Amino acid sequence: GFRDVDLTIDWPAASGPVDIALTLRPAGEPIVLTSRVDALEPLLAGETVPLDFTAKGPGGTMRFSGRASSAPTAEGRVEADVANLSSFTKALGLGPVGLPAGFGPKAAFSGKVALTEAEKLSLRDGTLRLGDAQAQVRADVDFSGKPYVTADIATDRLDLGPLLHGGGGGGSGGGGAATGWSTD
(Lines give C-alpha, C1' and ligand atoms only; values in the text may rest on other atoms or scores of the structure.)
Protein backbone atom coordinates (compact mmCIF):
# COMPACT_ATOMS: atom_id res chain seq x y z
CA GLY A 1 0.00 0.00 0.00
CA PHE A 2 0.87 3.66 -0.22
CA ARG A 3 1.81 5.80 2.75
CA ASP A 4 2.19 9.56 3.02
CA VAL A 5 -0.50 10.31 0.40
CA ASP A 6 -2.02 13.78 0.00
CA LEU A 7 -5.45 14.13 -1.63
CA THR A 8 -7.41 17.30 -2.37
CA ILE A 9 -10.82 17.34 -4.10
CA ASP A 10 -12.43 20.63 -5.13
CA TRP A 11 -16.06 20.00 -6.17
CA PRO A 12 -18.04 23.19 -5.55
CA ALA A 13 -21.20 22.16 -7.43
CA ALA A 14 -22.58 18.65 -8.03
CA SER A 15 -23.08 19.29 -11.75
CA GLY A 16 -19.87 21.31 -12.19
CA PRO A 17 -16.21 20.53 -12.75
CA VAL A 18 -14.12 18.60 -10.24
CA ASP A 19 -10.43 19.28 -9.60
CA ILE A 20 -8.48 16.45 -7.99
CA ALA A 21 -4.88 16.67 -6.76
CA LEU A 22 -3.12 13.57 -5.47
CA THR A 23 0.49 13.30 -4.30
CA LEU A 24 2.03 9.84 -4.09
CA ARG A 25 5.52 8.86 -3.02
CA PRO A 26 5.99 5.27 -4.27
CA ALA A 27 9.77 5.55 -3.99
CA GLY A 28 10.14 8.57 -1.68
CA GLU A 29 10.11 11.41 -4.23
CA PRO A 30 6.70 13.05 -4.80
CA ILE A 31 4.63 12.33 -7.91
CA VAL A 32 1.84 14.89 -8.20
CA LEU A 33 -1.27 13.83 -10.15
CA THR A 34 -3.79 16.50 -11.01
CA SER A 35 -7.02 16.04 -12.91
CA ARG A 36 -9.94 18.18 -14.01
CA VAL A 37 -13.17 16.42 -14.89
CA ASP A 38 -15.84 18.65 -16.42
CA ALA A 39 -18.66 16.73 -14.69
CA LEU A 40 -18.12 13.81 -12.34
CA GLU A 41 -21.69 12.47 -12.16
CA PRO A 42 -22.02 11.92 -15.95
CA LEU A 43 -18.53 10.35 -15.99
CA LEU A 44 -19.52 7.85 -13.29
CA ALA A 45 -22.75 7.13 -15.20
CA GLY A 46 -20.71 6.06 -18.22
CA GLU A 47 -21.01 9.23 -20.29
CA THR A 48 -18.01 10.69 -22.11
CA VAL A 49 -16.84 13.99 -20.63
CA PRO A 50 -13.85 16.32 -21.10
CA LEU A 51 -10.90 15.35 -18.91
CA ASP A 52 -7.41 16.72 -18.33
CA PHE A 53 -4.81 14.73 -16.41
CA THR A 54 -1.23 15.65 -15.51
CA ALA A 55 1.50 13.69 -13.71
CA LYS A 56 4.56 15.63 -12.52
CA GLY A 57 7.58 14.18 -10.85
CA PRO A 58 11.32 14.64 -10.54
CA GLY A 59 12.65 15.02 -14.02
CA GLY A 60 9.43 15.09 -16.02
CA THR A 61 5.78 15.74 -16.80
CA MET A 62 3.11 13.71 -18.63
CA ARG A 63 -0.26 15.11 -19.70
CA PHE A 64 -3.49 13.78 -21.21
CA SER A 65 -6.06 16.21 -22.58
CA GLY A 66 -9.24 14.88 -24.13
CA ARG A 67 -12.43 13.01 -23.31
CA ALA A 68 -13.04 9.89 -21.23
CA SER A 69 -15.75 7.70 -19.72
CA SER A 70 -15.86 5.12 -16.95
CA ALA A 71 -16.46 2.36 -19.55
CA PRO A 72 -13.37 2.82 -19.75
CA THR A 73 -12.91 4.72 -22.99
CA ALA A 74 -10.74 7.71 -23.75
CA GLU A 75 -9.53 9.77 -26.65
CA GLY A 76 -7.26 12.74 -26.70
CA ARG A 77 -3.72 13.97 -26.84
CA VAL A 78 -0.83 12.69 -24.73
CA GLU A 79 2.35 14.68 -24.19
CA ALA A 80 5.36 13.78 -22.10
CA ASP A 81 8.50 15.81 -21.53
CA VAL A 82 11.11 14.15 -19.37
CA ALA A 83 14.40 15.93 -18.72
CA ASN A 84 15.83 12.93 -16.88
CA LEU A 85 14.20 9.58 -17.65
CA SER A 86 16.10 7.72 -14.93
CA SER A 87 14.96 10.16 -12.19
CA PHE A 88 11.37 10.04 -13.39
CA THR A 89 11.09 6.23 -13.55
CA LYS A 90 12.86 5.89 -10.21
CA ALA A 91 10.29 8.23 -8.60
CA LEU A 92 7.49 6.08 -10.09
CA GLY A 93 8.94 3.07 -8.25
CA LEU A 94 10.15 1.41 -11.48
CA GLY A 95 13.83 1.84 -10.67
CA PRO A 96 16.23 4.00 -12.65
CA VAL A 97 15.62 3.14 -16.32
CA GLY A 98 18.71 3.98 -18.30
CA LEU A 99 19.09 4.37 -22.04
CA PRO A 100 22.16 3.62 -24.16
CA ALA A 101 24.53 6.48 -24.98
CA GLY A 102 22.99 8.89 -27.47
CA PHE A 103 19.40 8.00 -26.47
CA GLY A 104 19.02 9.91 -23.24
CA PRO A 105 18.69 11.13 -20.59
CA LYS A 106 16.01 13.39 -22.12
CA ALA A 107 12.85 11.89 -23.58
CA ALA A 108 9.73 13.43 -25.08
CA PHE A 109 6.58 12.01 -26.59
CA SER A 110 3.40 13.37 -28.12
CA GLY A 111 0.53 11.81 -30.01
CA LYS A 112 -3.19 11.13 -30.27
CA VAL A 113 -4.49 8.15 -28.28
CA ALA A 114 -7.80 6.32 -28.19
CA LEU A 115 -8.90 3.54 -25.82
CA THR A 116 -12.03 1.56 -26.69
CA GLU A 117 -14.35 -0.58 -24.57
CA ALA A 118 -12.98 -3.56 -26.52
CA GLU A 119 -9.69 -2.97 -24.65
CA LYS A 120 -7.87 -1.68 -27.71
CA LEU A 121 -5.50 1.26 -27.54
CA SER A 122 -4.41 3.14 -30.64
CA LEU A 123 -1.73 5.76 -31.08
CA ARG A 124 -1.65 8.05 -34.10
CA ASP A 125 0.64 10.89 -35.14
CA GLY A 126 3.11 9.88 -32.43
CA THR A 127 6.48 11.58 -32.13
CA LEU A 128 9.11 10.05 -29.85
CA ARG A 129 12.40 11.75 -29.00
CA LEU A 130 15.11 9.97 -27.01
CA GLY A 131 18.16 12.20 -26.61
CA ASP A 132 19.06 13.23 -30.15
CA ALA A 133 17.08 10.45 -31.86
CA GLN A 134 13.57 11.16 -33.12
CA ALA A 135 10.96 8.80 -34.55
CA GLN A 136 7.39 8.89 -35.82
CA VAL A 137 5.23 6.19 -34.24
CA ARG A 138 1.88 4.63 -35.05
CA ALA A 139 0.76 1.72 -32.86
CA ASP A 140 -2.16 -0.46 -31.85
CA VAL A 141 -2.30 -2.53 -28.67
CA ASP A 142 -4.96 -5.17 -27.99
CA PHE A 143 -5.36 -5.79 -24.24
CA SER A 144 -8.38 -8.13 -24.57
CA GLY A 145 -6.15 -11.18 -24.00
CA LYS A 146 -2.41 -11.45 -23.89
CA PRO A 147 -1.28 -7.95 -24.97
CA TYR A 148 -0.64 -7.84 -28.71
CA VAL A 149 1.22 -4.87 -30.20
CA THR A 150 1.53 -3.80 -33.83
CA ALA A 151 3.54 -0.69 -34.59
CA ASP A 152 5.12 1.32 -37.38
CA ILE A 153 8.20 3.29 -36.36
CA ALA A 154 9.99 5.57 -38.81
CA THR A 155 13.06 7.71 -38.28
CA ASP A 156 14.91 10.04 -40.62
CA ARG A 157 18.29 9.36 -39.03
CA LEU A 158 19.36 6.90 -36.37
CA ASP A 159 22.94 6.87 -35.09
CA LEU A 160 23.68 3.39 -33.73
CA GLY A 161 27.39 4.18 -33.33
CA PRO A 162 27.24 4.54 -29.54
CA LEU A 163 25.63 1.09 -29.30
CA LEU A 164 28.20 -0.55 -31.56
CA HIS A 165 31.38 0.96 -30.07
CA GLY A 166 31.76 -0.76 -26.75
CA GLY A 167 35.41 -1.75 -27.03
CA GLY A 168 36.79 -4.66 -28.99
CA GLY A 169 37.33 -4.55 -32.71
CA GLY A 170 35.35 -6.29 -35.32
CA GLY A 171 36.35 -9.18 -37.50
CA SER A 172 39.38 -10.77 -35.80
CA GLY A 173 38.98 -14.44 -35.13
CA GLY A 174 40.41 -14.39 -31.59
CA GLY A 175 38.98 -16.36 -28.70
CA GLY A 176 37.45 -13.36 -26.88
CA ALA A 177 33.73 -12.76 -26.54
CA ALA A 178 32.11 -10.84 -29.39
CA THR A 179 30.97 -7.29 -28.83
CA GLY A 180 28.58 -5.23 -30.87
CA TRP A 181 26.42 -6.66 -33.65
CA SER A 182 27.45 -9.73 -35.57
CA THR A 183 29.19 -9.17 -38.90
CA ASP A 184 27.83 -12.47 -40.31
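Me: What is the strand order of the open sheet, and which pairing does it have?

Reply: Strands of a sheet pair through backbone hydrogen bonds, either parallel or antiparallel. Here the open sheet has 10 strands in the order 1-2-3-4-5-6-7-8-9-10, with antiparallel pairing. Strands are DSSP runs of E with at least two residues, helices are runs of H or I with at least four, and both are numbered from the N terminus. Two strands pair if DSSP finds at least two bridges between them.

This is a predicted model, in which local features need pLDDT of at least 70 and side-chain atom pairs count only at pLDDT 80 or more, while totals for chains, interfaces and linings use all residues. Residues are numbered from 1 along each chain as its sequence is written, and side-chain values use heavy atoms, with hydrogens and water left out.

Me: Which are the edge strands?

Reply: Strand 1 (6-10) and strand 10 (148-154) are the edge strands, each pairing on one side only. On average, neighbouring strands of this sheet are turned by 10 degrees against each other, direction ignored. For such angles, axes are lines fitted to C-alpha atoms, for helices over the stretch in contact, and angles run from 0 to 180 degrees between N-to-C directions.

Me: Over how many bridges do strand 7 and strand 8 pair?

Reply: Strand 7 (residues 107-115) and strand 8 (residues 120-130) pair in the antiparallel sense over 8 bridges. Ala108 stands opposite Arg129 in strand 8.

Me: Which residues make up the largest nonpolar core?

Reply: In soluble globular proteins, nonpolar side chains tend to be buried together. A nonpolar core is a set of buried Ala, Val, Leu, Ile, Met, Phe, Trp, Tyr and Cys residues joined through side-chain atoms within 4.5 Å. The largest one has 12 residues, among them Val18, Leu40, Phe64, Ala68 and Val113. Helix 1 (40-44), strand 4 (49-57), strand 5 (60-69) and strand 9 (133-142) each give two or more residues to this core. A second, separate core of 5 residues includes Ile31, Leu33, Ala55 and Ala91.

Me: Is Thr23 buried or exposed?

Reply: Buried means under 20% relative accessible area, exposed over 50%, and partly exposed in between (1.4 Å probe, protein chains only). Thr23 lies in strand 2 (residues 18-24) and is buried, because its relative accessible area is 13%. Not counting residues up to four places away in sequence, Thr23 touches residues including Asp4, Pro30 and Ile31; contact means heavy atoms within 4.5 Å.

Me: Why is Ala74 classed as partly exposed?

Reply: Ala74 is partly exposed because its relative accessible area is 22%. Ala74 lies in strand 6 (residues 73-82). Leaving aside neighbours within four places in sequence, its contacts include Phe64, Ala68 and Val113.
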